[in-house]
Amino acid sequence: MNRATDPKSIAAQAAPAAGNASANGILTVDLGAIAANWKKLEGKGVPAECAGVVKADAYGCGLAPVTKTLSDAGCKTFFVATLDEARTVRATAPTAKIYVLDGLFSGTGDQFAAINCMPVIGDMGELAEWDAFRSTAGWLGTAAIHIDTGMNRLGLSIGEAQGLAPRMKTVNPGFSLVMSHLACAETLGHPMNARQVAAFREIASLFSGVSASLSNSSGIFLGPHFLFDMIRPGAALYGVNPTPEADNPMQQVIDLKARIVQVRHVAKGETIGYGATWTARRDTRVAVAAAGYADGYFRAASGVDGTRSAETIVAGQRCPIAGRISMDLTAIDVTDVTAPVRRGHMATLIGDGITVDELGHHFGTIGYEVLTSLGPRYARVYKDAPASAEPPKAMDQPAPQAGD
Ligand SMILES: *Cc1c(COP(=O)(O)O)cnc(C)c1O
């Protein structure tokens, strides 16, 4: 068989670039797909402004490269959770507007001023501290005001927000954004959506002249009256399906491959892994891949007799997990794979049709948590990086041949 042209064999090779020879796995982040996803959401949101939510290391995809990509695509407003994240965004996007969702911690006003970023204020005590800082320091920077419309996480109550009405008639009230957050946006018909949009519409009208924002990724798909002046997508930028009840309109961003460190034979009747949870019902060929729960490949997706495990792709074919996922290793049943499977080949954990949403289902969680759990041990490769970003590491070397 000609290895060079047999597509299955090519998939089986999927070998790491030489510079990543010591990595247990390769996580490829498609920055071009992130840019395309942002542009798609921006188009859907018109005439609202499309911001970018890049908290938690841009949902595990890498804060600096993602910020650069979104900024180059035309994104002008960024949301992060923490001041530390805001500093990274500021270093990458010098003119961007940056909002810090966790708001002002006591005594940190000067740190907001130092990088010209804005707290999202959701508590009256917090607002008083911010006002005090502004008058003492003579800082003219604005803040966002967060109003709770049913989430009961952060935000002023409707009553507290109404109490700010007189302030809105003053010359410089100090707010550049009024926002709320949807609790059930991914469920199209959920009655909470209608309640929240109505409550927000009413309260936002008190903040005339201030940009209003309600919708996260899924909210954008609930209809034009959810768009207001600004939309705040996060997860959809990174390929999570914002419309779980329908096909995913977003491009996949993540490709994750783990190295196969051993291929072994397990006789019928024997068990595999901790707890002996999986029994070979036939003579079985097993590929052991170098990724486990310490890499964010959750143990909940293990192969257990009588249940459905997560799947991986080896040599172009879907293969189930065999036995418990352990800290650094995962056994895969490759008995049915027709192409050769060898030590050094790669198994695809995410990509080629395995989505973060699918994996989230097997992990007992959501695509969001799959992304934010992606482990630090993988070699990271950024694809379609904008020209001025750091070149991808070690991709200039030809891949070693399978079977070497
Ligand atoms: C995280 C977050 C977002 C983005 O939500 P996605 O569902 O990831 O699009 C928007 N707004 C607020 C307040 C958030 O905390």
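1. Contact here means heavy atoms within 4.5 Å. The structure is a predicted model, in which local features need pLDDT of at least 70 and side-chain atom pairs count only at pLDDT 80 or more, while totals for chains, interfaces and linings use all residues. Residues are numbered from 1 along each chain as its sequence is written, and side-chain values use heavy atoms, with hydrogens and water left out.

2. Overall features. The secondary structure comprises twelve helices and 19 strands; helices (H or I, at least four residues) and strands (E, at least two) are DSSP runs, numbered from the N terminus. The C-alpha trace spans about 80 × 45 × 35 Å along its principal axes. Of the 404 residues in the chain, 53% are buried, where buried means under 20% relative accessible area, exposed over 50%, and partly exposed in between (1.4 Å probe, protein chains only). Among contacts between residues at least 6 apart in sequence, 66% join residues at least 24 apart.

3. Domains. The chain is divided into domain 1 (3–24 + 251–396) and domain 2 (31–238), with bounds that come from an automatic or database domain assignment. The C-alpha centres of the two domains lie 37 Å apart. Contact between them involves 16 residues of domain 1 and 20 residues of domain 2.

4. Largest pocket. This pocket has a volume of about 740 Å³. Its lining holds 36 residues, of which Tyr59, His181, Asn216, Ala235 and Tyr368 are the closest to its centre. Helix 3 (55–59), helix 11 (356–363) and helix 12 (367–372) are the elements that give two or more residues to this lining, and the largest share, three residues, comes from helix 11. Because domain 1 and domain 2 both give residues to the lining, the largest pocket lies between them. By class, the lining has 19 nonpolar, eleven polar and six charged residues. In this classification Ala, Val, Leu, Ile, Met, Phe, Trp, Tyr, Cys and Pro count as nonpolar, Asp, Glu, Lys and Arg as charged, and the others, Gly among them, as polar.

5. Criteria for pockets and cavities. On a 1 Å grid over the protein atoms alone, a cavity is a set of points where a 1.4 Å probe fits but cannot get out, and a pocket is an open set with protein on both sides within 12 Å along at least five of seven lines; lining residues have an atom within 4 Å of a point. Grid points are joined across faces, edges and corners, and a volume is the space filled by probe spheres set on the points.

6. Second largest pocket. The volume here is about 310 Å³. Among its 16 lining residues, Trp278, Arg281, Thr307, Pro320 and Ile321 lie nearest the centre. The lining divides into five nonpolar, five polar and six charged residues.

7. Cavity. One cavity of 30 Å³ or more is found in a search of the whole structure. The lining of the largest cavity includes Leu256, Asp295, Tyr297, Leu359, Phe363 and Val370. By class, that lining has eight nonpolar residues, one polar and one charged.

8. Nonpolar cores. A nonpolar core is a set of buried Ala, Val, Leu, Ile, Met, Phe, Trp, Tyr and Cys residues joined through side-chain atoms within 4.5 Å. The largest has 112 residues, of which Val54, Phe207, Tyr238, Ile254 and Val314 touch the most other members. Helix 2 (residues 31–45) provides the largest share of this core, six residues. Both domain 1 and domain 2 give residues to this core, so it lies between them. Not counting residues up to four places away in sequence, Val314 touches Ile260, Cys319, Ile332, Val334, Val337, Val341 and Ala347. Another core, of eight residues, lies apart from the largest one and has Ile272, Val286, Val288 and Ala322 among its members.

9. Helix 11. Six of the eight residues of helix 11 are buried, so this helix is largely enclosed by the rest of the structure. The buried residues are Val356, Glu358, Leu359, Gly360, His362 and Phe363. They pack against strand 15 (311–314), strand 16 (317–320), strand 18 (346–350) and helix 12. Just after helix 11, Gly364 takes a positive phi of about 75°.

10. Asp352. This residue is placed in the loop between strand 18 and helix 11. Asp352 counts as exposed, at 58% relative accessibility. Leaving aside neighbours within four places in sequence, Asp352 is in contact with Lys257 and Ile313.
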